[in-house]
Amino acid sequence: MMARNTDMRWRLPLVCLLWELAMIILFGVFVRFNAESDIAGWEKAKQEKNITSDAENDFYFRYPSFQDVHVMIFVGFGFLMTFLQRYGFGAVAFNFLLAAFGIQWALLVQGWFHTFENGKILIGVESMIGADFCVGSVCIAFGAVLGKISPVQLLIMTLFQVTLFSVNEYILLDLLHETLGNIALHTSGFRAARLVRPDWAPSLQRRCNNDKQRKVKDAGGSMTIHTFGAYFGLVVTAILYRPNLEQTKDKQGSVYHSDLFSMIGTLFLWMYWPSFNSAISDHGDAQHRAAINTYCSLAACVLTTVAFSSLLQKKGKLNMVHIQNATLAGGVAVGTAAEMMLTAYGSLIVGFICGIVSTVGFVYFTPFLESKLRIQDTCGIHNLHGMPGLIGGIVGAVTAAAATEGVYGKEGLIRAFDFTGDFSHRTPSVQGGFQAAGIAVSLGMALAGGPS
Amino acid sequence: MMARNTDMRWRLPLVCLLWELAMIILFGVFVRFNAESDIAGWEKAKQEKNITSDAENDFYFRYPSFQDVHVMIFVGFGFLMTFLQRYGFGAVAFNFLLAAFGIQWALLVQGWFHTFENGKILIGVESMIGADFCVGSVCIAFGAVLGKISPVQLLIMTLFQVTLFSVNEYILLDLLHETLGNIALHTSGFRAARLVRPDWAPSLQRRCNNDKQRKVKDAGGSMTIHTFGAYFGLVVTAILYRPNLEQTKDKQGSVYHSDLFSMIGTLFLWMYWPSFNSAISDHGDAQHRAAINTYCSLAACVLTTVAFSSLLQKKGKLNMVHIQNATLAGGVAVGTAAEMMLTAYGSLIVGFICGIVSTVGFVYFTPFLESKLRIQDTCGIHNLHGMPGLIGGIVGAVTAAAATEGVYGKEGLIRAFDFTGDFSHRTPSVQGGFQAAGIAVSLGMALAGGPS
Amino acid sequence: MMARNTDMRWRLPLVCLLWELAMIILFGVFVRFNAESDIAGWEKAKQEKNITSDAENDFYFRYPSFQDVHVMIFVGFGFLMTFLQRYGFGAVAFNFLLAAFGIQWALLVQGWFHTFENGKILIGVESMIGADFCVGSVCIAFGAVLGKISPVQLLIMTLFQVTLFSVNEYILLDLLHETLGNIALHTSGFRAARLVRPDWAPSLQRRCNNDKQRKVKDAGGSMTIHTFGAYFGLVVTAILYRPNLEQTKDKQGSVYHSDLFSMIGTLFLWMYWPSFNSAISDHGDAQHRAAINTYCSLAACVLTTVAFSSLLQKKGKLNMVHIQNATLAGGVAVGTAAEMMLTAYGSLIVGFICGIVSTVGFVYFTPFLESKLRIQDTCGIHNLHGMPGLIGGIVGAVTAAAATEGVYGKEGLIRAFDFTGDFSHRTPSVQGGFQAAGIAVSLGMALAGGPS
């Protein structure tokens, strides 16, 4: 498929087979079904929590969104990268390979961090969404190195990036202010439950973890997925700099049909982004709101992308690369704040700005990155994920800091930001500060992790 | 992208930016979350209505269908129009642009008509479906003028058509027989609720509006979406008649790969049409039934399309344009009646007829329209949406008029047609009459609105 | 479309029209809505079973999965077969035709076997999934004869195969050990219910049929769909052997864009397979678990496919046909066991093995079949559905036989395998035996049915 892959003869088969065997062993040792996917577990959970309907199983709240996210990872990211005439099939196939390995490894690493208890990782539908999210950040980074990395190198990058992603996510969502009393919550809050039914406490805790203990909010992954993935990829491509690389967009260009294939990727990403940003939000109004905010932001983004694409091109023609990419920036940038009370017009404003930033980035910033900083960003991920991801982090921090009891209601404020237990005295402005810290950590992890 | 768009240099960017700014201002003034997507609102709604499970949030009843509809609008209609070799990318990109603007404007206009109270538009998942539906009618009209309209003209057409669509929909669903006591219902029915909890009355009313007050039933939009969109588009294309237009199907034709791209559009429309027709039906059996009826009608339509396509072509070969378009007519034509007790065999009959009507239309009627009436119907929307939409309106009227207590049950009849309050004495045959009136109004609005 | 179809002039239109008329008549006589899609029926069901929420309607548990399955049948199988340069459009269009007819006939035949009572077939969302499943097996068989069968022959094959599929399914799921007391269950279990509310007994029984009486478990159809479909198709293609057929893969090959189209089919099959295997499982943990197991198996399968594709090709390059097909074998092979407690690592092992078996099959077995046994397997369905389907049957038998109360819990074991009523004394190892018998029956039916 790619001329350079002479090492594929032995190395690729060996890596695939040995790593898959390792997965089997690690899954055998660690991975079990959680209370909602285990036959005995669900039976018990229903009895103990007085659940009368199977409709209460988390599966039905999240599975449709999971499938949309799944399409985004495999068809969305895969086909988005087919615009390069020569690498169309390679882009789809290698994206397929990295994602298939990545989701397995992500189930393990994220499981160790989030749903590990009594020596077992407990998985359910939310684990699958989490694994797909994690792999999404690798797909983003892949966009920067497309065309100058072999499949084996890609698998190694996946192994490393998934691990670092999960560490970063753990820091943001669980650790960032452990000092404020997280330990107390951990050790006291669940003790009673554990005493009564020790076998299902892990699962109860998992639920509570999801519902109650997210320190930095980032349901759509503006920081953890997009900012992290983009800057990680940019660092990797900077290291792999090739002076004579001929597959830059200007020289290689796209052909008519490859642009239509790429548009399949764009549209599935654009259409399903509301599911992406709402997939792991709390049940009820939060998922509902996250979908609406994302829908609005994406719509606004299309108009400003078209405006600036036309404005900055000779003769006012639209540039297909902008339509294929910058129209998605609005989804990236509401990733953190979509589940908050960002409101529809707030979302429009974010989309409005990101369409402009992203399009301008393609026109001026990508050439600058390549000529001055020797960073070859094949797919322009800095414009689609890097800058919008940072904007998303900031929007999230501001929205959190601006939260008031008037808008959220007293209960709502507590529920939205988990101001419970030892966090009950926390204020929205402090939350905003933590959100801002989350941006810095994600950026730092990506820049530090890429080279190693 | 298109040679003619020399005006894009300034006009397109200006229109996009100014209109988007207008959207932000209008959304800021008017649009708020409804009770099911607002954090404080859902909290209150659960308490007041004794809702114990988040599964009762309207989001979970409609979001999967919304996503399917969303795919139909952006991938379905977008790719369906790629069969013209030269306008493939333009079709997808301009469809993307018009739909992204259209859904914002539709949220506003439909909001003012349907969910406006205390000076605010309250939006939720059903608003998003409604906006997508409204934009669907613009996508249909776009099919008639594909290749002879600039992006700016397209946006102007969208602005105007969305407005008129909403007026027409308002007349059909809310006004058509206001005289029969709608005012009384409005002023008395909700007074109590408003007195007790004035802040959430709007949302209660919205629910009731959806559940109870639809005067003409048209859940799948045979009349409001398809008939209206098609005839609106035909009027516009008649006005924009170009004697020397060379992109008619015969001269331009399609190439092999553009036919496969077009087939992607066809299939996603075909597969997701059951979601389209059931998306805003009442919860429970109505959504269930609408999906089944549409599934049956579409299946039958494929067989008669193939039969007549083969019959009317030289050498019995299939015509790809028929397969791409006429197979969908069955979905259009059960749009009104799908949620009623049309029954599976009734749906088969409708699909059977529409496959024939639509295919015959492509062979004989489209050339006639162009040569005699100077109406250039690029994509053949008269065959796919115009005639099947009219048939759908008639089927709906007949099905409603034929409703009996024996089939629907006493409660069912009331529930299906909202024979409550001052409508409690209405009979199915009167309902059938109003349905028929709805067809005439839709047709009239489209024919009158197109020229202006 | 195909040079050979000179008989299409009259035969194809006649067959399509007459058969569709027959469908209308048969649907008119037999098909009615079931209790959950009928307006009066759902009203009654809610009252009688104290159902307080429309969320309990089976529609909401299964419709999202149905839509995913629907995409697999029409886009998945349709586009998967577009890799042959010359038959791309034909593959999609004929797949469309056969599936549209097949689902109607399947609704009837499966209805007569499974939901027939008081002279009527009662249909609901599960009927639509069942019909799509049944048609899936025809799509599989179509893959073997692609390029050497006319549309009329294809429709005849569909008519026959759908019938035989349903007979086979009936034997496996309902009859296989009628001797053990099924009759008793039928005649006693529901008598009370029937006496109290005779009109809705059929629907109650249908629910019970689904929930309680499946003798051989095969929710994802490893045996009934894949094994049966593949061997049926192979027998048909052996009979239709053409010595000079020039459309074998080696001679015809694929071109760049047709490979990308084919990849659309592959990815939609791959992504939605978890929905396929969980679509008709029991509500709650079973659907949840089936999705997770399938997700894991498919991920593992990709890695071993890549490994062996690279290993067995000259220069270590990946073969696109393997990526397009063998990556799916993992989904086929957990079809039977996915809803059982196969566990995530068990699924990985199955996927690991099937990726290897399927890829090796493409390299060595398909040429052998053609040269020695004169079986031309155009799309390699023996490698994708035949062998993995058999493996899936065996995995199901072993998993069932290995079930213990320790893993499933006492209640869970009864619920998972329906050890109720007269089956209450059955053991997992006996269940394993019946599962094995199911494989033999499916294989026998396919091999015997193909020639006739």
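Between chain C and chain B there are 13 residue pairs in polar contact, with both residues at pLDDT 80 or more; a polar contact is a pair of N or O atoms within 3.5 Å, where within protein one must be able to donate a hydrogen and the other to accept it, and where residues adjacent in sequence count only if both atoms are side-chain atoms. The side of chain C that touches chain B draws at least two residues from each of helix 1 (11–30), strand 1 (31–33), helix 2 (39–48), helix 3 (58–80), helix 4 (88–114), helix 5 (125–145) and helix 12 (256–278) of chain C, helices (H or I, at least four residues) and strands (E, at least two) being DSSP runs numbered from the N terminus. Helix 4 of chain C gives the most to this side, with twelve residues.

This is a predicted model, in which local features need pLDDT of at least 70 and side-chain atom pairs count only at pLDDT 80 or more, while totals for chains, interfaces and linings use all residues. Residues are numbered from 1 along each chain as its sequence is written, chains are lettered from A and ligands numbered from 1 in the order in which they are written, and side-chain values use heavy atoms, with hydrogens and water left out.

The table sets out two interfaces, where contact means heavy atoms within 4.5 Å and buried area is the accessible area (1.4 Å probe) that two parts lose on being put together, summed over both.

| Interface | Residues in contact | Buried area |
|---|---|---|
| Chain A and chain C | 68 residues of chain A, 65 residues of chain C | about 5700 Å² |
| Chain C and chain B | 68 residues of chain C, 64 residues of chain B | about 5700 Å² |

Of the area buried between chain C and chain B, 77% lies on carbon and sulfur atoms, and C:I39, C:F89 and C:F96 supply 15% of what chain C buries there, more than any other three residues. For chain A and chain C, carbon and sulfur atoms likewise give 77% of the buried area, with A:I39, A:F89 and A:F96 losing the most area to chain C, together 15% of what the chain A side buries.

Salt bridges (a side-chain nitrogen of Lys or Arg within 4 Å of a carboxyl oxygen of Asp or Glu) number zero between chain A and chain C, and the count is also zero between chain C and chain B. Chain A and chain C have 13 residue pairs in polar contact, both at pLDDT 80 or more. On the side of chain A that touches chain C, the largest share, twelve residues, comes from helix 4 of chain A, and the residues of that side divide into 45 nonpolar, 14 polar and nine charged. Here Ala, Val, Leu, Ile, Met, Phe, Trp, Tyr, Cys and Pro count as nonpolar, Asp, Glu, Lys and Arg as charged, and the others, Gly among them, as polar.

The second largest cavity has a volume of about 370 Å³; a cavity is a set of points, on a 1 Å grid over the protein atoms alone, where a 1.4 Å probe fits but cannot get out. Of the 21 residues that line this cavity, having an atom within 4 Å of a point, A:Y60, A:P64, B:Y60, C:Y60 and C:P64 are the closest to its centre. Helix 3 of chain A, helix 3 (58–80) of chain B and helix 3 of chain C each give two or more residues to the lining, which divides into 18 nonpolar, three polar and no charged residues.

Elsewhere, C:I356 lies in helix 16 (residues 344–373) of chain C and, leaving aside its neighbours within four places in sequence, is in contact with C:T304 and C:F308.

Technical notes:
1 Å grid on protein atoms, 1.4 Å probe; cavity = no way out; pocket = protein on both sides within 12 Å on 5 of 7 lines; lining within 4 Å. Points joined across faces, edges and corners; volume = space filled by probe spheres on them.
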